[in-house]
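Please look over the model below before reading the points that follow.

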Amino acid sequence: MAMPGGLPMMVMNTGPERQQGRKAQTANIVAAKTVADVIRTCLGPKAMLKMILDPMGGILLTNDGHAILREIDVAHPAAKSMIELSRTQDEEVGDGTTSVIILAGEILAYSLPLLERNIHPVVIIRAFKAALNDALETIQRISVPVDISSESEMLALIKTSIGTKFSSRWSDLMCSLALEAVKTVAVTAEAENGLVGGGKSGTADIKTVDIKRYARVEKVPGGEIEECRVLKGVMINKDVTHPKMRRRIENPRIILLDCPLEYKKGESQTNIEIQKEEDWNRVLQIEEEQIKSMCEKIIEFKPDLVFTEKGVSDLAQHYLLKANITALRRVRKSDNNRIARAVGATIVNRVEDLRESDVGDQCGLFHIEKLGDEYFTFLDQCKSPKACTILLRGPSKDILNEIDRNLADAMSVARNVVFNPILAPGGGATEMAISVALNEKAKSLPGVAGAPYRAIADALEVIPRTLVTNAGGKAIRTLTELRAKHAEGQHTFGVDGDTGKVVDMKEYGLLESASVKIQTLKTAIESATLLLRVDDVVSARRPEEQGGGGVQTMAGEGEGMGEGPE
């Protein structure tokens with residue numbers, strides 16, 4: 001803003017940095033592209049790993065886009081919003097976190113020439129939205145339905161998620177682990193409401209698949225990766241409270257409590273005046289009687305196992321031991337909920353409220369094993385568990401963490417397909433099919449509307465191109481061949497990520513969940529439109545926070561040093 005004399009007048013504080021107009025848009029696009037370039041090599045089966053040192057001195061070894069971006073510390077606001085994308089993608093569908101960032105970065109990169117041709121951002125955004133709708137229609141057109149009760153089809157699908165990860169060497173094992181875990185925790189709507197066995201037969205009416213709460217992953221360093229398994233039940237990191245209690249019980253009756261088996265002390269401070277010595281003994285006796293009556297109430301139900309979330313006093317242990325009952329104390333709330341679903345028991349808050357129906361009897365074997373240095377309690381061979389524990393073994397903590405992340409992705413993919421059983425061809429075939437369709441549509445559009453369409457069509461080619469590059473193939477030759485196949489209408493042709501050659505994905509057996517593709521496209525295009533709308537970036541941080549004064553250059557600091565009194 002200029003005063004009548006022609007001198008610039010500053011309305012805003014001089015401290016904050018400010019970028020306006022084209023400069024702001026260019027800076028945002030460059031920042032987004034930089035984030036995309038960080039994880040570009042993490043796409044596909046020949047992906048490279050990234051090693052990140054966290055502030056605590058630990059290391060993170062992974063090629064999972066979300067895990068990498070979560071650890072990176074970024075200052076630029078546009079880059080921060082890109083990192084948020086991978087988090088959204090991870091929470092929504094669990095897979096495609098790398099693709100979504102690469103795609104969003106590429107769409108923005110292709111928007112830059114449009115802005116330089118002075119096409120207004122709103123025109124670009126309108127075309128992008130229309131292109132997104134056309135892209136989603138194309139996905140629906142080339143997708144195929146999947147039978148979720150067929151194990152081989154489901155395993156092939158989960159393989160596409162695991163195949164690009166570190167644990168692809170053990171892909172068969174990991175796929176079966178993920179599928180078994182998801183099948184275990186999948187509950188029909190009727191069963192959830194207590195009408196067990198109601199509704200249609202088969203798995204068509206599954207409504208809830210709560211992986212986070214009921215499929216727990218226990219990582220125990222040591223052993224071999226081949227020893228990983230899904231337990232038909234639950235495992236917790238606990239030992240029995242008394243060394244003489246039984247450590248192996250077949251077909252146990254299990255009681256789950258949420259109350260302490262100790263003397264109940266008063267809520268507030270209590271003073272007791274005692275005249276005679278016998279009264280003091282009586283007070284102690286009453287404490288013992290209270291514990292004894294609690295234990296007797298439990299013993300009436302003839303359980304073999306008692307789990308409680310609170311403590312068990314020595315006296316209670318003694319009474320339970322006499323009745324040949326094994327007790328475990330201070331079990332985590334989440335573990336107790338899993339045990340309840342696995343063995344068919346109900347968690348009881350007061351011993352007095354126990355009923356025969358609350359006792360769980362669906363567990364086949366209770367045993368305690370020592371893995372590494374710790375003791376673990378296994379409730380195994382349950383009849384129809386609705387919760388499970390995935391036991392992961394491996395040489396080191398870093399490898400276990402990586403396998404855990406890969407398994408979480410695989411389980412999410414299996415869960416998505418249960419809810420939305422359609423598959424789209426993988427290996428960049430879907431992206432290429434959309435790209436060809438959008439290019440065709442762009443020809444029929446009048447004026448400048450076709451340019452943004454072509455921009456998205458070109459941007460989508462980044463997925464097959466990156467796959468070819470990461471596999472060490474020749475990008476230009478392979479993409480030309482792939483484009484020709486798709487122009488002939490062969491939608492299922494994509495890039496084989498191992499060799500970088502063009503193959504038919506149907507024969508190659510690489511089909512991925514369409515819900516992941518749909519979410520990737522939506523997130524990438526919507527975030528690109530969001531960043532294109534920005535035309536002014538004002539840094540509202542105060543100068544003091546930045547170590548005194550605005551952003552200083554080296555020259556400025558040098559001048560400042562020379563100004564002091566000599």
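**Notes on packing and burial**

1. Q25 touches L115, P121, L532, V534 and D535 (heavy atoms within 4.5 Å), leaving aside residues up to four places away in sequence. Its place is in helix α1, residues 21–38; helices are DSSP runs of H or I with at least four residues, numbered from the N terminus. Q25 counts as buried because its relative accessibility is 8%, the cut-off being under 20% relative accessible area with a 1.4 Å probe and protein chains only.

2. The model is predicted, with local features needing pLDDT of at least 70 and side-chain atom pairs pLDDT 80 or more, while totals for chains, interfaces and linings use all residues. Residues are numbered from 1 along each chain as its sequence is written, and side-chain values use heavy atoms, without hydrogens or water.

3. Not counting residues up to four places away in sequence, L521 touches L103, L132, A135, I139, I434 and L460.

4. Helix α14 (residues 429–443) packs against helix α15 (residues 450–460) at about 160°, with axes 8 Å apart; axes are lines fitted to C-alpha atoms over the stretch in contact, and angles run from 0 to 180 degrees between N-to-C directions. Therefore α14 is roughly antiparallel to α15, a term for angles over 145 degrees. Among the contact residues are I434 and L438 of α14 and Y453 and L460 of α15.

Methods: Helix = DSSP H or I, 4+ residues; strand = E, 2+ residues; numbered from the N terminus. Parallel < 35°, antiparallel > 145°, perpendicular 65-115°, else oblique. Buried < 20%, exposed > 50% of the residue type's maximum accessible area, 1.4 Å probe, protein only.
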